Amino acid sequence: MDELGITPDARVRRHNTSGCDLCNRTGISGRTLLLDALLITLGPAARNDIYEALSTPENIFKTDITFEKDDGSDMTVHGYRVQHNSARGPYKGGIRFHPEADEDEVKTLASLMSLKCAVVNLPLGGGKGGVQVDPKELSQEELERLSRAYFRAGAEAGVFGVKKDIPAPDVYTNPQIMSWMMDEYETIVGHKEPGVITGKPLELGGSLGRNYATSQGGFFVLHDYLQQKYPDRSPDDFRIAVQGFGNAGAYFAEIADRAGYRVVAASDSRGGLICTGEQCEIPKLHEYKKEKGTADDKKYAALPECCKYRDNHTTH
């Protein structure tokens, strides 16, 4: 995969062909869809059939969502749900709330969900949802009204259903938002339907381990890689900086810390910090993030002793 220049950022929708060996061999130049770079190696007939199946979603639902703000005014944002492929089963994929979410991004992520479900042999297809909004600018009440309005629009259009399309949390969405969406769906259909959404609270039928599943998977990959690459080293020999101290990043820091790795720095969308001493005290770092709403170090004098900013900006 490195040969193709894939970056870890899921929002990258196009492949930079500069320095790509595969692209040089096949004559691709400039910026082109990553899918094109892969399919160019196939024969014309197979390429056309596969490209059509993988590049064209089965359904695209998009709508303007209007909800009431706390001051009584209305706010309208763009909402999307892309149903990529259902050959293996109902569409499956998260719903993200992000100011940069758009149709192209959601289409790309829906296609990746089809591939991921197929790779691990799940009887599910690929789907993805997005709302173009910055949830950090909304109150809890506004967030609930938006969540319900989005799911109501989709449900009334026949988008969601336990045998059709089963959403989940994604960027800036969580079990609370899933519970609002599920409740809105059940109100519309008139009966309980907990299977219509995953990632909901345990009290409402959620799954044990769902909150930290992404983090646990990421840790397994990193841990196995380091064991293979550096078989003579122990976890205590490695220092980790967590870029993105949100839900997944925070759980990852906990898991890595328990396994003996040294988490020495963390950041989020507003800033970051480097911990004093040998490593961060993860519980205190959690407390600080919860209290301040960020891992930013601008007011580092108020940080707990474990997490004060290092003037030298360096780790080894």
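Which residues on the other side of H9 are exposed? They are Pro283, Glu287, Lys290 and Glu291, where exposed means over 50% relative accessible area, buried under 20% and partly exposed in between (1.4 Å probe, protein chains only). This is a predicted model in which local features need pLDDT of at least 70 and side-chain atom pairs count only at pLDDT 80 or more, while totals for chains, interfaces and linings use all residues. Residues are numbered from 1 along each chain as its sequence is written, and side-chain values use heavy atoms, with hydrogens and water left out.

**Overall composition**

- The protein has nine helices and ten strands; helices (H or I, at least four residues) and strands (E, at least two) are DSSP runs, numbered from the N terminus.
- Of the 316 residues in the protein, 40% are buried.
- Among contacts with a separation of 6 or more, 61% are between residues 24 or more positions apart; contact means heavy atoms within 4.5 Å.

- Ile282, Leu285, Tyr288 and Lys289 are the buried residues of helix H9 (residues 282–292).
- These residues lie on the same side of H9 because they cover an arc of only 120° around the axis, the arc being that of the directions from the helix axis to the C-beta atoms.
- An α-helix has 3.6 residues a turn, so residues three or four places apart point the same way.
- The cover over the buried residues of H9 includes helix H8 (247–258), strand E9 (262–268) and strand E10 (271–274).
- Arginine 270 is located in the loop between E9 and E10 and is partly exposed, its relative accessible area being 44%.
- A distance of 7.3 Å separates the C-alpha atoms of arginine 270 and alanine 295, which are 25 residues apart along the chain.

**Packing of H5 and H6**

- Helix H5 (residues 140–156) and helix H6 (residues 175–189) have axes that come within 8 Å and cross at roughly 45°; axes are lines fitted to C-alpha atoms, for helices over the stretch in contact, and angles run from 0 to 180 degrees between N-to-C directions.
- H5 is therefore oblique to H6, given that angles under 35 degrees count as roughly parallel, over 145 as roughly antiparallel, 65 to 115 as roughly perpendicular and the rest as oblique.
- The crossing of H5 and H6 is right-handed, meaning that the near helix is turned clockwise from the far one by less than a right angle.
- The H5 residues that meet H6 include Leu143, Tyr150, Phe151 and Arg152, and their H6 counterparts include Ile177, Trp180, Met181 and Ile188.
- By class, the contact of H5 with H6 comprises nine nonpolar, three polar and six charged residues; Ala, Val, Leu, Ile, Met, Phe, Trp, Tyr, Cys and Pro count as nonpolar, Asp, Glu, Lys and Arg as charged, and the others, Gly among them, as polar.

**Glutamate 186**

- Glutamate 186 lies in helix H6 and is buried, with a relative accessible area of 10%.
- Apart from its neighbours within four places in sequence, glutamate 186 is in contact with His191, Lys192, Glu193 and Pro194.

**Positive phi outside glycine**

- Asparagine 121, although not a glycine, has a positive phi of about 60°; it lies in the loop between helix H4 (103–119) and strand E6 (125–132) and is exposed at 58% relative accessible area.
- Tyrosine 172, likewise not a glycine, has a positive phi of about 60°; it is found in the loop between strand E7 (165–169) and H6 and counts as partly exposed at 35% relative accessibility.
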